Amino acid sequence: MSKVGDGGSSPSGRTEVRIVVAGEKGTGKSSLIVTAAADQFPTNVPPLLPPTRLPEDMYPDRVPITIIDTSSSPESKGKLAENLKRADAVVLTYACDRPETLDRLSTFWLPELRRLEVKVPVIVVGCKLDLRDDNQQVSLEEVMSPIMQHFREIETCIECSAFKHIQIPEVFFYAQKAVLHPTAPLFDPDTQTLKPRCVRAFKRIFILCDHDRDGALSDAELNDFQVRCFNAPLQPSEITDVKRVVEEKLPEGVDDRGLTLSGFLFLHALFIEKGRLETTWTVLRKFGYSNELKITYDLSPVLAKKTPDQSVELTNKAFEFLKSIFALFDGDQDGALKPIELEDLFSTAADSPWHEAPYKDAAEKNVLEGLSLDGFLSEWALMTLLDPVSSVENLIYIGYPGEPSSAICVTRRRRLDRKKQQTGRNIFQCFVFGPKKAGKSALLNSFIGRPFSDSYVPTLEERYAANVVDLPGVGKKTLVLREIPEDEVKKLLSNKEALAVCDLAVFVHDSSDESSWEESAQLLLKVATHGENTGYEVPCLIVAAKDDLDPYPTAIQDSTRVSQDMGIDAPIPISSKLGDFNSIFRRIVRAAEQPHLSIPETEAGKNRKHYNQLMKSSVMVVSVAAVVGIVAVSVYRVYAARRNASS
């Protein structure tokens, strides 16, 4: 594309590039820096230069460069490491007339950068080119190729001469370019192809520019793309040239409608191969991508005042968009997104967000591993609850058309919900507590439609299950069950705000095992105590699991007595094996919708409450007595004044 890139670049908003020059003593570091800055070879160079700044107009990107000189002496080792860790790019020097300094790059300097975890572009520079022995002429590519194969962080190799002014400006131009327009996120040198995340980014850009959604960029759409990215239109002859170049190398890259996605990707791979990375990065940054090829959006104006007992939900606008996206990608119209359809939906995201925990296997799927609409929306509700920033970014990736902040809302504080005895939430998070083998996992599995299994698999880490619960007369609500392994309870409750995000807690026990009940009752006491001590009380329900087994002799009496003593509902018997859940999920949501009810009280809590009431009553009595005394004095004064007047 002959004119692409002519409009200049937008290098990520950087105000400075910090380049650190390192290498063996006497390789020409200081002479290189002085010659670049002063445009003349120094006759007398100090051992170590102060930070040197190159003017912003020295290179086309107009970003100032600060060059840091370093010493390789043993006593300067700490300072050297500090400078390297703060570098945006590193220039490693060797002397062309001293082969041993080249060897030191691979035996010391490059391994040292890795040891220090300096993950920035490296420019290898051979200085003193004018002093190389004419009888030892070896091509730079031949020397550096094996080193670059082993150390992929090397961006460019170049040889120069400060004394003869050979390729001095180019050294820092390449270093700056490697920072502002890095190759590593875009291109895999081994396969000579665009990296997956780069392909995903350009696929999204292509779709956004394909206004008529016909799968190709017409001449008009190509021109709009050019103007948007580079502020300059393409002439008809230039568009023809672009398509001809693509068609010659990749016939399927152009069809009768215009430039196809494969042609669009080929074009950008071609720019990168020809070293025109500024062109590719200009496009990416115009569409909001960072150096990591991710779109970041600042939600701090929305989330800044969020308190621990508030949660984040998607708005109706976002849900309506997701429903339309679901319908668009449900190609076979079977009411579910199969894995291949879901992968296609997220093919424009930086990564597919639901491949790993806590989202993997958190929603209901059919026998073909397809997500229903309710399952799809539940996954989004869960991601918004746990990571609203990631949720909004993924909405942007898949084409959410509105202002990103319009996709989410912050709910009212749970503490205020309890005071007002109602809630406006649409998503409820329920903590599931219980001892080992109580039936917690079976409860979660049943919630997302997984078949019951007799085999016991311990839950070692927290897991989630999310689904839609339809309440008669109310409508659909999303319930998120969060299983807390018994061994994680102590760690969870060590955090004062642990229960702030919880709408309701469920305590599961094996109704056939007395010890299971006792352990569950102890967990209930711990959670209730934590809530009373922190002010984050939560409604609680007791679930008597494995109702298909014979209960231990005093099961009903013991659990009923505890529930009555603590002021919560009687235990709810269920059997995951028989599929008898006694409307447990609706009952959980109904309890969460009445946040002032089902809150357990411990004996300590009752005593504290009674004491506070007594103190309040005492204060009131004292206050009334004081008022009565004041009134009596006032009446006496009026009486005395009248008596004196009559006298």
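User: What phi does the residue just after H20 take?
Analyst: Just after H20, Gly567 has a positive phi of about 75°. Please keep in mind that this is a predicted model, in which local features need pLDDT of at least 70, side-chain atom pairs count only at pLDDT 80 or more, and totals for chains, interfaces and linings use all residues. Residues are numbered from 1 along each chain as its sequence is written, and side-chain values use heavy atoms, leaving out hydrogens and water.

User: Which residues of H20 are buried, and why are they said to line one face?
Analyst: Buried means under 20% relative accessible area, exposed means over 50%, and partly exposed is in between (1.4 Å probe, protein chains only). In H20, the buried residues are Ala555, Asp558, Ser559, Val562, Ser563 and Met566. They fall within an arc of 125° seen down the axis, so they line one face of H20; the arc is that of the directions from the helix axis to the C-beta atoms. In general, an α-helix has 3.6 residues a turn, so residues three or four places apart point the same way. Ile556 and Gln564 are exposed, on the face of H20 turned away from its buried side. The buried residues of H20 pack against helix H19 (514-534) and strand S20 (540-545).

User: Which residues are buried in H7, and what puts them on the same side?
Analyst: Glu221, Leu222, Phe225, Gln226, Cys229 and Phe230 are the buried residues of H7. Their arc around the axis is only 140°, which puts them on the same side of H7. The helix runs over residues 219-230, and its twelve residues reach 16 Å from first C-alpha to last, close to the expected 16 Å. The partners of its buried residues include helix H6 (196-209), helix H8 (236-249) and helix H10 (277-286). Just after H7, Asn231 takes a positive phi of about 55°.

User: Why does Tyr94 count as buried?
Analyst: Its relative accessibility is 3%, under the 20% limit, and therefore Tyr94 counts as buried. Tyr94 is in strand S4 (residues 89-95). Contact means heavy atoms within 4.5 Å, and beyond its neighbours within four places in sequence Tyr94 is in contact with residues including Thr27, Leu102, Val124, Cys127 and Glu159. Tyr94 and Glu159 are 65 residues apart in sequence, with 9.3 Å between their C-alpha atoms.

User: What about Gln421: what is its relative accessible area?
Analyst: The value for Gln421 is 48%, so this residue is also partly exposed. Gln421 lies in the loop between helix H16 (414-420) and strand S16 (427-433), and its phi is near 60°, a positive value in a residue other than glycine.

User: Which residues does a cis peptide bond join?
Analyst: Ala357 and Pro358 are joined by a cis peptide bond, with omega of about 5°. Pro358 is in the loop between helix H13 (339-345) and strand S14 (371-372). For background, most residues other than glycine have a negative phi, and most peptide bonds are trans.

User: Which residues touch the most other members of the largest nonpolar core?
Analyst: A nonpolar core is a set of buried Ala, Val, Leu, Ile, Met, Phe, Trp, Tyr and Cys residues joined through side-chain atoms within 4.5 Å. The largest has 73 residues, and Leu186, Ile205, Leu284, Leu322, Trp354, Phe376 and Trp380 touch the most other members. Helix H14 (residues 373-386) gives the most to this core, with seven residues. A second, separate core of 28 residues includes Val432, Phe581, Ile588 and Ala591.

Technical notes: Helices (H or I, at least four residues) and strands (E, at least two) are DSSP runs, numbered from the N terminus. The expected span of a helix is 1.5 Å times one less than its number of residues.
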